[in-house]
Amino acid sequence: MNTLKQFINGQFIDALSGRQLEVEDPFEGKIIGLAPDGDASDADAALRAAAAAQPSWAKKSAPERASYLRAMAAQIRANRVELAQTLAREQAKVMPLAQVEIDFTADYFEYYAGWARIYEGEIIQSDRPNENIFLFRKPIGVVAGICPWNFPFFVMARKVAPSLLAGCTAVIKPSSLTPLTTFAFAGMVEATGLPAGALNFVSGRGSTLGDALVRHELTDMVSLTGSVEAGRDIIRASADRITKVSLELGGKAPAIVFKDADIDLAVKAIVDSRVIFGGQVCNCAERAYVHASVFDEFVEKISLAMSKVSYGSPFAEPAPQMSSLIDSRQLDKVEAMVERAIAEGAEVVTGGCRAEGSGYKYEPTILAGCTQQSEIVQSEVFGPVLPILPFTDYDEAIALANDSRYGLTSSVFSSNVSLVMQALKDLRFGETYVNREHFEGMQGFHAGWRQSGIGGADGKHGLMEYLQSQVAYVQY
Ligand code: NAD
């Protein structure tokens, strides 16, 4: 049994709250760890450590700060298999995908280390002859990074790497469902010799520890990846102090298949995106719109592909495509949403029920006959369930895709370049994938429109989230 301690000011200590949470292996249904159930006193200790460390951390040169990111990447690479095993066990992520997440995270630290000598301020033309206007970029200060359970290791890096590189210090809270890999990383951070307090890890629930981190007077910025509901709570809790928030929230990505699309490519890309990690991914295809002339062919092919999706133990060899959902609550939610869709007239083309055996598994499911206004088409399922609706012309396809309170990702399948460029102009989403699966690159900018968030992560713009400007008017 793995028993975790808070990592505050460079030391592993017992939770000041004195309470613990159980961590479950979702596939085996066994308790595999105990993590601190931290509260406001833990938040206070961690934020004080981060605030005390921030001025001297920011005084180091950016290349020196980057050297610690490279050391973190090296630690991850040296422990890549054990980390992937821990990740696979704590969230039932199939081993190959867990390994991709770990390796991608090491690359991510190196990628942001590379920004040390690249990010810059500006010199702006003045109205006055003997004046220079300088725009400096300064770290925001102390960051509270609050992470979800679906990509706990990578999303942690999305907050740690740009904030440290920018000269901020941070307190990271993983989801109480998946703290194990994050705290294994805390041990590796200790091994890099990072100055005490620059990076702290605390475990606990969102409603207690998370809320205390957001409301604390020492928190200069909150970076949350999570649900729309948590985003709303955090905006409310940050209102009193006008704390900066960066929110990456849920999605309901449409995939549009036009009549001239390569149907086999579209089927493969949409299935891969819908079943990766059991469909529990913010950017994956959650609804498909298919031109009426190819609708029957598409439904037949995608149903066959979905019915062949393999699922089982995350450690099975050869690896299945997916495993258990994260917990019984998530399985109950997916099941209830499909039942309500059926009650409203949806037709189950394949799947439509819980799967037998270990874990909280749900069968890969295709639904037809859903209406645009139904819950299954409007709300995030976060499971391997895909409703498919027909359309007859371009304007209808775009209107249906845009008709959503979410605006994270979308995809378009077509061999007509003009049509694709027109769709890129008309779609109202932060990210669009053309003729490929839903998966972003670290050099892009992952940012949702509408209720999918405020701000974003990755690339140059992700780094800018952690920097604030200072303009100086210097007359000589
Ligand atoms: P969640 O909102 O339940 O929890 C996310 C984190 O927020 C957890 O650490 C939780 O403890 C904390 N939290 C919850 N309420 C809080 C509060 N009031 N104050 C402070 N902290 C609070 O989300 P989840 O179930 O862990 O993750 C799934 C959700 O995350 C999905 O909606 C998914 O789409 C979204 N997500 C989005 C992205 C993205 O990049 N946009 C990436 C991954 C996941």
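User: Which domains does the domain assignment of the protein give?

Analyst: This is a predicted model, in which local features need pLDDT of at least 70 and side-chain atom pairs count only at pLDDT 80 or more, while totals for chains, interfaces and linings use all residues. Residues are numbered from 1 along each chain as its sequence is written, and side-chain values use heavy atoms, with hydrogens and water left out. The bounds come from an automatic or database domain assignment, and that assignment gives domain 1 (2-249 + 452-475) and domain 2 (253-441).

User: How much area do domain 1 and domain 2 bury between them?

Analyst: Buried area is the accessible area (1.4 Å probe) that two parts lose on being put together, summed over both. Of the area buried here, 69% is on carbon and sulfur atoms, and the total for domain 1 and domain 2 is about 2200 Å².

User: Which residues in domain 1 lose the most area to domain 2?

Analyst: The residues in question together make up 30% of what the side of domain 1 buries. They are F27, W149 and S452.

User: Which residue forms a salt bridge with E440?

Analyst: A salt bridge is a side-chain nitrogen of Lys or Arg within 4 Å of a carboxyl oxygen of Asp or Glu, and across the interface of domain 1 and domain 2 this rule finds 1 salt bridge. In the salt bridge with E440, the closest N and O atoms are 2.7 Å apart, and the partner of E440 is R158.
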